[in-house]
Amino acid sequence: MRNWNLRLGRVAGIPIEIHWTFWLLLMFVFVGDFSENGDANAAFSGVFTVVAIFTCVVLHELGHALAARRFGVKTRDITLYPIGGVARLERIPENPVQELVIAIAGPLVNIVIVAVLLAMGTVLPEHIEDPSALVKSSILSRLLLVNTSLVIFNLLPAFPMDGGRIFRAFLALFMDYAQATRIAASVGQLMAIIFVFVGLSGNTMLLFIAFFVWLGASSEATSVEQRVLLKSSLVRDAMLINYETVSDQSTIESVIQLLLKGSQSEFPVYQALTGEPLGVLSRNTILSSLAEKGPGGLVRDCPLDKLGRERGSRPLVAVSQQMRENGQTCLEVTDDSGQIIGLLTQDNLAEFIMVQSALKYRET
Ligand SMILES: [Zn+2]
């Protein structure tokens, strides 16, 4: 669905995008306001409020992104979803002080906005609990309310939301990073359960957020756990030594045979004459090419992914992170003289992690 995102432009070199579901929200607000008041002006004012709110959200995300930049961490993009914004940082620093600064920079932006609004003499809307009365209050009052709630909400220790990250970074000052993450993730999931109970009493948005907090907490806890497990491993520890390769002259049918015969799902492709590496044929491409070109189609006509190359003596953590960031599924592994000695794929990396965690389980 990526192509449906609308790119608004770049701020400080960071692309700002609107997720396609965000349009649904705007339409929903417009139609809702229009049918309630029968007045296009009121409906446009509703839409304008949403846009103003999300501008504050973008500023919040830019706070994170620019703080991250100070520590040399790039931001791929900032995307607006109906439930809020996400700044996709390339990585999250394991240095607790850096994570603390990055996590706090977002809410800090909203604190500044609140301070400016207060200095302008803005007051909170009178009937906060009544959404229909809220529509009648001024846009500045509504913005004050929104930014105040963004600050309070984001500071709750609901990992991986900002407050949870601040909490994890704080814990990591006193204990090891994996343990700090485990505790923060458990507290985050507890918060998610609380959100569900509060959300069930009529706040649908909170139910969505609970869902994302729950998933986010468990997935980030797992990935930190993995990094710790892989800490002392090298690329060559996890590589495949016996694997199949295909030539660009092979038929799709012959690759299907390889796919069915073994557990390998990515195949490096070499030029038949020169042996020059051309790319990687993934399982998805094999299947879609089979549907498109039939079993007699040739590998050279299939779209290939990029085939990376790494030294076997490099640390596995760094290389697996690099593979994730570049969207690589497969790497040729070489020895220090550049000779190819194996293949590293996402699949056997995942297998290696499972084996390592089983071994660790046995130790403890
Ligand atoms: Zn934030």
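**Figure 1. Domain 1 and domain 3, with 41 Å between their centres, taken over C-alpha atoms.** This is a predicted model, and the chain splits into domain 1 (1–155), domain 2 (157–229) and domain 3 (235–363).

**Figure 2. Helix 2 meets helix 3.** Here we look at helix 2 (residues 40–70) and helix 3 (residues 96–119), whose axes come within 7 Å and cross at roughly 145 degrees. The hand of this crossing is right-handed. On the helix 2 side, the touching residues are Cys56, Leu59, His60, Glu61, Gly63, His64, Ala67 and Ala68. Helix 3 answers with Val101, Ile102, Ala105, Gly106, Leu108, Val109, Asn110 and Ile113. Sort the contact of helix 2 with helix 3 by class and you get ten nonpolar residues, five polar and one charged.

**Figure 3. Helix 2 again, this time with helix 5.** The axes of helix 2 and helix 5 (residues 139–154) come within 10 Å, and they cross at roughly 40 degrees. This pair also has a crossing to classify, and it comes out right-handed. Helix 2 brings Thr49, Ala52, Ile53, Cys56 and His60 to the contact, while helix 5 brings Ile139, Arg142, Leu143, Val146, Asn147 and Leu150. For the contact of helix 2 with helix 5, the tally is seven nonpolar, three polar and one charged.

**Figure 4. Helix 7 and helix 8 side by side.** Helix 7 (residues 177–200) and helix 8 (residues 204–229) have axes that come within 8 Å and cross at roughly 165 degrees. Helix 7 and helix 8 are therefore roughly antiparallel to each other. Their crossing is left-handed. The contact of helix 7 with helix 8 holds 18 nonpolar residues, along with six polar and three charged ones.

**Figure 5. The open sheet with strand order 5-6-7.** Three strands make up this sheet, and their pairing is mixed. Strand 5 (246–247) and strand 7 (277–282) sit at the edges with a single partner strand each, so one side of each has no neighbour in the sheet. Strand 6 (residues 266–270) pairs with strand 7 in the antiparallel sense, over five bridges. To get your bearings, find Val269 and look for its bridge partner in strand 7, which is Gly279.

**Figure 6. A second open sheet, with strand order 8-9-10.** This sheet has three strands and mixed pairing. At its edges are strand 8 (308–311) and strand 10, each pairing on one side only. On average, neighbouring strands of this sheet are turned by 30 degrees against each other, direction ignored. Strand 8 and strand 9 run in the parallel sense, paired over four bridges. Arg311 makes a handy landmark, standing opposite Thr334 in strand 9.

**Figure 7. The hairpin of strand 9 and strand 10.** Strand 9 (residues 330–334) and strand 10 (residues 340–345) pair in the antiparallel sense, again with a count of five bridges. Five residues lie between the two strands. In the turn, Gly338 has a positive phi of about 95 degrees.

**Figure 8. Two backbone spots worth a second look.** Most residues other than glycine have a negative phi, and most peptide bonds are trans. Ala12 has a positive phi, near 55 degrees, without being a glycine. You'll find Ala12 in the loop between strand 1 (6–11) and strand 2 (14–18). The other spot is the peptide bond from Phe159 to Pro160, which is cis with omega near 10 degrees. Pro160 has its place in the loop between helix 5 and helix 6 (162–172).

Definitions and conventions
Residues numbered from 1 in each chain as written. Predicted model: local features only at pLDDT ≥ 70, side-chain atom pairs only at ≥ 80, totals over all residues. Domains from an automatic or database assignment. Pairing = 2+ DSSP bridges. Axes fitted to C-alpha atoms, helices over the stretch in contact; angles between N-to-C directions. Parallel < 35°, antiparallel > 145°, perpendicular 65-115°, else oblique. Left-handed = near helix turned anticlockwise from the far one by under 90°. Nonpolar A, V, L, I, M, F, W, Y, C, P; charged D, E, K, R; others polar. Contact = placed C-beta atoms within 7 Å.
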